[in-house]
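Please keep the sequence and the structure in view while reading.

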Amino acid sequence: MIPAWFRSHWRVLLVALILGGAFFSGSWHGTRQANTAWALKWKQRDADDATELAKRQVEAREEEQRRQGEVDEIRKQARQQLAGVQADADRARAASRGLHDRADKLARQLAERERACGAGTTGRGETETSGAVLLADLFRRADERAGELAREADEARARGLACEAAYGSIATPPKR
């Protein structure tokens, strides 16, 4: 039941099958080798990427720590400057109190003289306030307010300079 053409060409068919099998098995083996080579290349690339990522993360942490250290130093300097501003304000307030006391003393003396000179004058009562006392009070209030404004301005300047320095330390590109 084998056809006649198969009986006469079975050797050719067998050789073709053997050659085809050898070709496909060699091709499959070559493909497998190529896939293995590419897989190794991808694994190496992935390993290189992971190493580079870890390196960049370490650099970023170091840069963040450097910048935070600079900001902390700026804060420390700002606190020292603000303490200096407060000390200056306290000294100015103490000096101002001395001036106020002296102005009050002079105003009282002047008021007593005015009262003594005007004792015989009709129409002047004891409740009448001396101009010198009013001026001394006005001077005290103006000086106190000027002191407050000066302290606030000094604090604002110190805080502004600290803010500028902190921004400058962060805005600079990382050192490599």
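A salt bridge is taken here as a side-chain nitrogen of Lys or Arg that lies within 4 Å of a carboxyl oxygen of Asp or Glu. With that rule in hand, a search of the whole structure, which is a predicted model, finds 14 salt bridges.

**Salt bridges**

| Arg-75 | Asp-72 | 3.8 Å |

Because Arg-140 and Asp-137 are 3 residues apart in helix 2, about one helical turn separates them. Asp-137, with a relative accessible area of 26%, is partly exposed.

The salt bridge between the side chains of Arg-75 and Asp-72, at 3.8 Å from N to O, lies within helix 1, where the two residues are 3 positions apart and so are separated by about one helical turn. Arg-75 is partly exposed, its relative accessible area being 47%, and Asp-72 is likewise partly exposed, with a value of 38%.

A further group consists of Glu-63, Arg-66, Arg-67 and Glu-70, which are linked in a network of salt bridges. Within this group, Glu-63 is located in helix 1, and its side chain makes a polar contact of 2.8 Å with the side chain of Arg-67. Is Glu-63 buried or exposed? Its relative accessibility is 12%, so Glu-63 counts as buried.

Several C-alpha distances relate residues that are separated along the sequence. Val-71, which lies in helix 1, is 95 residues from Ala-166 in sequence, yet the two C-alpha atoms are 5.4 Å apart in space. Val-71 counts as buried because its relative accessibility is 10%. With a relative accessibility of 11%, Ala-78 counts as buried.

How far apart are the C-alpha atoms of Leu-106 and Ala-132? They are separated by 8.2 Å, and the two residues are 26 positions apart along the chain. Leu-106 is a residue of helix 1, and its relative accessible area of 43% makes it partly exposed, because that class covers values between the buried limit of under 20% and the exposed limit of over 50%.

**Nonpolar surface and aromatic residues**

A nonpolar surface patch of about 600 Å² is made by Trp-5, Phe-6, Trp-10, Leu-13, Leu-14 and Ile-18. One of these contributors, Ile-18, lies in helix 1, which spans residues 4-117. Ile-18 has a relative accessibility of 54% and therefore counts as exposed.

How many aromatic pairs does the ring-pairing rule give? The count comes to 0 aromatic pairs, where a pair would need ring centres of Phe, Tyr or Trp within 6.5 Å. An aromatic ring does take part in another kind of contact, however, as Lys-41 lies over the face of Trp-38, at 4.8 Å from the ring centre.

How values were computed: Residues numbered from 1 in each chain as written. Predicted model: local features only at pLDDT ≥ 70, side-chain atom pairs only at ≥ 80, totals over all residues. Heavy atoms only, no water. Patch = residues over 30% accessible without salt bridge, like charges linked within 9 Å, V, L, I, M, F, W, Y side chains within 5 Å. Areas by Shrake-Rupley, 256 points an atom, 1.4 Å probe, with all protein chains shown as cover. Helix = DSSP H or I, 4+ residues; strand = E, 2+ residues; numbered from the N terminus. Buried < 20%, exposed > 50% of the residue type's maximum accessible area, 1.4 Å probe, protein only. Phe/Tyr/Trp six-rings, centres within 6.5 Å; stacked < 30°, edge-to-face > 60°. Lys NZ or Arg CZ within 6 Å of the ring centre and 35° of its normal. Polar contact = N/O pair within 3.5 Å; in protein donor to acceptor, adjacent residues only side chain to side chain.
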